[in-house]
Amino acid sequence: MVRERESQQQQVSYTVEQLVAVNPYNPDILTDLENYVNEQVSSQTYSLDANLCLLRLYQFEPERMSIPIVVRILIKALMAMPAPDFNLCLFLIPEQVQMEEQFKTLIVLSHYLETARFRQFWDEAGKNRSVLEVVPGFEQAIQAYAIHVLSLTYQKVPRPVLAEAINIEGLSLDKFLEYQVANSGWALEKGHGRSQLIVLPRNEYNHPELKKNTVDSIPFEHVTRIFPILS
């Protein structure tokens, strides 16, 4: 029974992607695409192409636009940073819709992330949990993005800087650091006084001398393997 259900879910996923590829401007697939957004939320998967297709269809069928679905699309796009998905999606949303409070909140959150103002981001996110908590994994995705940004800037991160960026402190941060040291190549050092420094893995950005030996850009996936012990 479980295998049958999994098979059906895989078939639905394949069918939606096929519909998007073959006839992306067919309004008959609008409901399928909305259901697919909900499936992405529940399964913690992501399809930018399908979501952009749905937003384009809403442009042709504005009376059928579902605000909750659009909110979920934008939240998923935020979770995809550093990819520019949020702005790609926002471009397809009518300006009058963007003026609604929940959309203005998401735009502000996007700005904070783009400018690496993580403390302001977490403060604003905390005030709007009811909007964000509809999409599982949001907090973990943003924490992974914050670590990605830090890895482009720092060789060694002061503990308070890391704590602010990922919004974790105290014993929870100790547990998180233990996991990263054991699994992600991080190291810990003592700084001046009683402060702690986190040594991040070397890459061509925090160690420019490596750039001449590196063909590809920094892989983002190595910072996404986080928080299984906190979930």
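A salt bridge, as the term is used here, is a side-chain nitrogen of Lys or Arg within 4 Å of a carboxyl oxygen of Asp or Glu. Good morning, colleagues. The model before you is predicted, so local features need pLDDT of at least 70 and side-chain atom pairs count only at pLDDT 80 or more, while totals for chains, interfaces and linings use all residues. Residues are numbered from 1 along each chain as its sequence is written, and side-chain values use heavy atoms, leaving out hydrogens and water.

Across the whole structure, the search finds four salt bridges. I shall present three examples.

Lys-104 and Glu-101 join their side chains in a salt bridge, at 3.6 Å from N to O. Both belong to helix H7 (residues 101–114), and because they are three residues apart, about one helical turn separates them. Helices (H or I, at least four residues) and strands (E, at least two) are DSSP runs, numbered from the N terminus. Glu-101 is exposed, with a relative accessible area of 56%, and Lys-104 is partly exposed at 34%. Here buried means under 20% relative accessible area, exposed over 50%, and partly exposed in between, with a 1.4 Å probe and protein chains only.

Next, Glu-189 meets Lys-156 in a salt bridge of 2.9 Å, N to O. Glu-189 lies in strand E2 (residues 187–190) and Lys-156 in strand E1 (residues 156–158), so this pair ties together parts 33 residues apart in sequence.

Finally, Asp-174 forms a salt bridge with Arg-159, their closest N and O atoms being 2.9 Å apart. Since Asp-174 sits in helix H12 (residues 170–183) and Arg-159 in helix H11 (residues 159–166), the pair ties together parts 15 residues apart in sequence.
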